[in-house]
Amino acid sequence: MTTLTSDFLLTLQQRGFIHQCTDFAALDERAGKGPIVAYIGFDCTADSLHVGSLLPIMMLRWLQKTGHKPIVLMGGGTTKIGDPSGKDEARQLLTDEVIASNMAGIKRIFGRYLTFGDGPTDAVMVNNGDWLDELKYIPLLRDIGRHFTINRMLTFESVKMRLEREQPLTFLEFNYMILQAYDFVELHRRLGCSLQMGGSDQWGNIINGVELGRRTDGAELFGLTTPLLTTSSGAKMGKTAAGAVWLTADKLSAYDFWQYWRNTEDADVGRFLRLYTELPLEEVARLESLPGAEINEAKKILAHEVTKLAHGEEAALEAAETARRTFEQGAAAEGLPTVELPRGDLDAGVPVVDLLVATGLAASKGEARRLIKGAGARMNDGPIPDEASKATTADLNGEGVIKLSAGKKRHALVKPA
């Protein structure tokens with residue numbers, strides 16, 4: 001790799017963000033001359049984003065912190081098709097109403113990571129539906145489609161993977177890469193955007209945009225990707241046995257979010273501190289070298305710093321205090337995920353299986369029964385006799401709640417309404 005001098009690329013390189021770039025030397029030179037405008041796209045397939053999107057979000061944050069302008073591109077248009085990259089089958093098609101609702105949910109996240117406004121380095125949020133929805137099919141084929149060859153499109157991983165596995169790839173999805181390339185050109189024309197960033201699975205789509213800009217507008221555009229991350233044990237980032245690790249509290253509590261990072265594998269602590277926090281690299285080096293059990297202190301710092309960015313300082317401190325009371329004092333601390341039930345229901349008795357599902361400690365009744373049968377579930381820190389057990393008001397502890405646990409690290413509360 002070229003020796004980098006711009007604050008932006010040097011920071012990304014030192015912290016482990018960079019996987020591929022179309023032209024390191026030219027982009028580094030351009031970044032050193034003044035603010036560059038760069039974007040990352042987010043399709044609206046759910047009403048929130050999960051930890052798998054946190055790497056590109058942090059990339060945009062560092063872009064702004066080093067003096068450049070981020071664009072958050074919401075995929076109001078492309079979500080109607082679905083990105084085939086990394087997928088074995090077509091996404092379910094969403095209605096316009098669902099896409100709009102998902103977009104509104106996602107927008108909440110970015111205000112914690114970026115400063116929006118009208119200044120030269122203030123972030124802006126745009127929706128590709130604003131131009132894609134207005135495209136006429138014949139002019140698109142004539143003006144844009146002629147720059148793409150089927151031969152080349154068949155070489156991209158997102159296409160090859162489907163064909164090799166004999167999974168259908170619809171003509172609708174086949175067009176996704178053309179529309180993403182067109183997004184880049186449109187953002188260049190509208191906002192002077194010269195850099196598209198994303199995960200390494202987007203490399204082919206990004207290259208298409210760089211080449212399309214050169215052919216249609218004679219523009220010098222750049223692409224930059226991050227590595228696709230897995231944990232040291234090979235698990236996909238943002239997924240757990242309990243489901244996705246969402247970035248909004250209405251889908252995952254700040255406490256559970258904190259716990260996800262607290263449970264980081266020892267070998268991942270340094271890497272995650274570099275990528276997901278803003279701690280100085282010298283401090284990261286000190287923390288990742290802590291011996292033995294002391295690495296747990298580094299994990300707590302990681303959990304605090306990441307939760308602070310996603311949910312705010314107060315929520316991060318509250319999550320840490322909840323964890324301290326729960327694990328160090330054995331108390332059913334406030335701040336754990338809580339389900340309220342009518343007192344009459346608890347008087348009559350509610351199956352513990354149902355409560356494990358209601359609190360999110362089990363994804364289904366079948367999983368709840370397996371947890372109980374395998375002694376993986378506990379109530380008020382004690383064993384649950386059998387799968388037919390019920391919780392009643394007699395089980396309320398001294399704090400007036402019932403504490404349920406799945407394993408040693410996941411807890412929730414049930415209390416009468």
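Entry one, the helix pair. I am reading a predicted model. I listed who touches whom between α12 and α15. From α12, the residues are A254, F257, W258, W261 and R262. In α15 they meet N296, K299, K300, L302, A303, H304, V306, T307, A310 and H311. I sorted this contact by class and got 8 nonpolar, 4 polar and 3 charged residues.

Next I looked up the geometry. Helix α12 covers residues 254-262, and helix α15 covers residues 295-311. Their axes come within 8 Å. How do they cross? I read an angle of roughly 140 degrees. Angles over 145 degrees would count as roughly antiparallel. The two helices are therefore oblique to each other. I also noted the hand: α12 passes α15 in a right-handed crossing.

Entry two, a single residue. I picked Q180, which lies in helix α10, residues 176-191. Is Q180 buried or exposed? Its relative accessible area is 8%. The cut-off for buried is under 20%, so Q180 is buried.

What does Q180 touch beyond its neighbours within four places in sequence? I found Y39, Q196, Q202, N205 and I206.

Last, I checked G209. Q180 and G209 are 29 residues apart in sequence. In space, their C-alpha atoms are 7.0 Å apart.

Notes:
Residues are numbered from 1 along each chain as its sequence is written. This is a predicted model: local features need pLDDT of at least 70, side-chain atom pairs count only at pLDDT 80 or more; totals for chains, interfaces and linings use all residues. Side-chain values use heavy atoms; hydrogens and water are left out. Axes are lines fitted to C-alpha atoms, for helices over the stretch in contact, and angles run from 0 to 180 degrees between N-to-C directions. Helices (H or I, at least four residues) and strands (E, at least two) are DSSP runs, numbered from the N terminus. Angles under 35 degrees count as roughly parallel, over 145 as roughly antiparallel, 65 to 115 as roughly perpendicular and the rest as oblique. A crossing is left-handed if the near helix is turned anticlockwise from the far one by less than a right angle, and right-handed if clockwise. Contact means heavy atoms within 4.5 Å. Ala, Val, Leu, Ile, Met, Phe, Trp, Tyr, Cys and Pro count as nonpolar, Asp, Glu, Lys and Arg as charged, and the others, Gly among them, as polar. Buried means under 20% relative accessible area, exposed over 50%, partly exposed in between (1.4 Å probe, protein chains only).
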